[in-house]
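Here is a short briefing to read alongside the model. Keep the structure open and follow along topic by topic.

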Amino acid sequence: MNTGRRLSTEEKKEIFSHLVATQDAVNNVRKSYEVVTEQFSISEEQLREIEEEGLDNEWPPLSEPVTAQ
């Protein structure tokens with residue numbers, strides 16, 4: 001059940017990208033959820049749905065090629 005405002009696909013992709021970047025930066029899934037839900041004023045349930053949709057559809061940055069370092 002979606003309790004928050006309705007988000008466009010572009011908004012969800014932006015949120016997903018921020019979630020991935022935040023998880024990489026803080027190395028703590030719980031903390032990254034707190035940061036992103038607060039930043040975008042969405043519920044944790046919405047964020048879980050966005051994360052699942054992003055993983056299923058391989059949204060950026062997942063679909064971007066990894067560069068060798």
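Among contacts in the chain between residues at least 6 apart in sequence, 57% join residues at least 24 apart. The model is a predicted one, and its chain comes to three helices and zero strands. From the N terminus on, the order of elements is α-α-α.

**The chain as a whole**

- Of the 69 residues in the chain, 29% are buried.
- The accessible surface comes to about 4900 Å², and carbon and sulfur atoms account for 46% of that area.

- Which residues of α1 are buried? They are K12, I15, F16, L19, V20, T22 and Q23.
- These residues cover an arc of only 165 degrees around the axis, which puts them on the same side of α1.
- As background, an α-helix has 3.6 residues a turn, so residues three or four places apart point the same way.
- What do the buried residues of α1 pack against? Their partners are α2 (29-40) and α3 (44-57).
- The face turned away from the buried side carries the exposed residues E10, D24 and A25.

- Side chains of opposite charge can pair when their charged atoms come close.
- How many salt bridges does the structure hold? There are four.
- One of the bridges joins the side chains of K12 and E53, at 3.1 Å from N to O.
- Because K12 lies in helix α1 and E53 in helix α3, this pair ties together parts that are 41 residues apart in sequence.
- K12 has a relative accessibility of 18%, so K12 counts as buried.
- E53, with a relative accessible area of 26%, is partly exposed.

**The salt-bridge network**

- R30, E34, E44 and R48 are linked in a network of salt bridges.
- E44 forms a salt bridge with R30, and the closest N and O atoms of the two are 2.6 Å apart.
- That pair ties together parts 14 residues apart in sequence, because E44 lies in helix α3 and R30 in helix α2.
- E44 also meets R48 in a salt bridge between their side chains, at 3.0 Å from N to O.
- E44 and R48 are four residues apart in helix α3, so about one helical turn separates them.
- Are these residues buried or partly exposed? E44 is partly exposed at a relative accessible area of 30%, R30 counts as partly exposed at 43% relative accessibility, and R48 is partly exposed with a relative accessible area of 42%.

**The aromatic pair**

- A pair of aromatic rings is described by the distance of the centres and the angle of the planes.
- The count of aromatic pairs comes to one.
- That pair is formed by F16 and W59 and is edge-to-face, with 6.0 Å from centre to centre and 80 degrees between the planes.
- F16 lies in helix α1 and W59 in the segment after α3, so the pair ties together parts that are 43 residues apart in sequence.
- F16 counts as buried at 1% relative accessibility, and W59 is buried too, with a relative accessible area of 7%.

**L62 in the segment after α3**

- Where does L62 lie? L62 sits in the segment after α3.
- With a relative accessible area of 40%, L62 is partly exposed.
- Leaving aside neighbours within four places in sequence, L62 is in contact with F16, G54 and L55.
- L62 and S17 are 45 residues apart along the chain, and their C-alpha atoms are separated by 8.7 Å.

Methods: Residues numbered from 1 in each chain as written. Predicted model: local features only at pLDDT ≥ 70, side-chain atom pairs only at ≥ 80, totals over all residues. Heavy atoms only, no water. Buried < 20%, exposed > 50% of the residue type's maximum accessible area, 1.4 Å probe, protein only. Helix = DSSP H or I, 4+ residues; strand = E, 2+ residues; numbered from the N terminus. Arc of directions from axis to C-beta. Contact = heavy atoms within 4.5 Å. Phe/Tyr/Trp six-rings, centres within 6.5 Å; stacked < 30°, edge-to-face > 60°. Areas by Shrake-Rupley, 256 points an atom, 1.4 Å probe, with all protein chains shown as cover.
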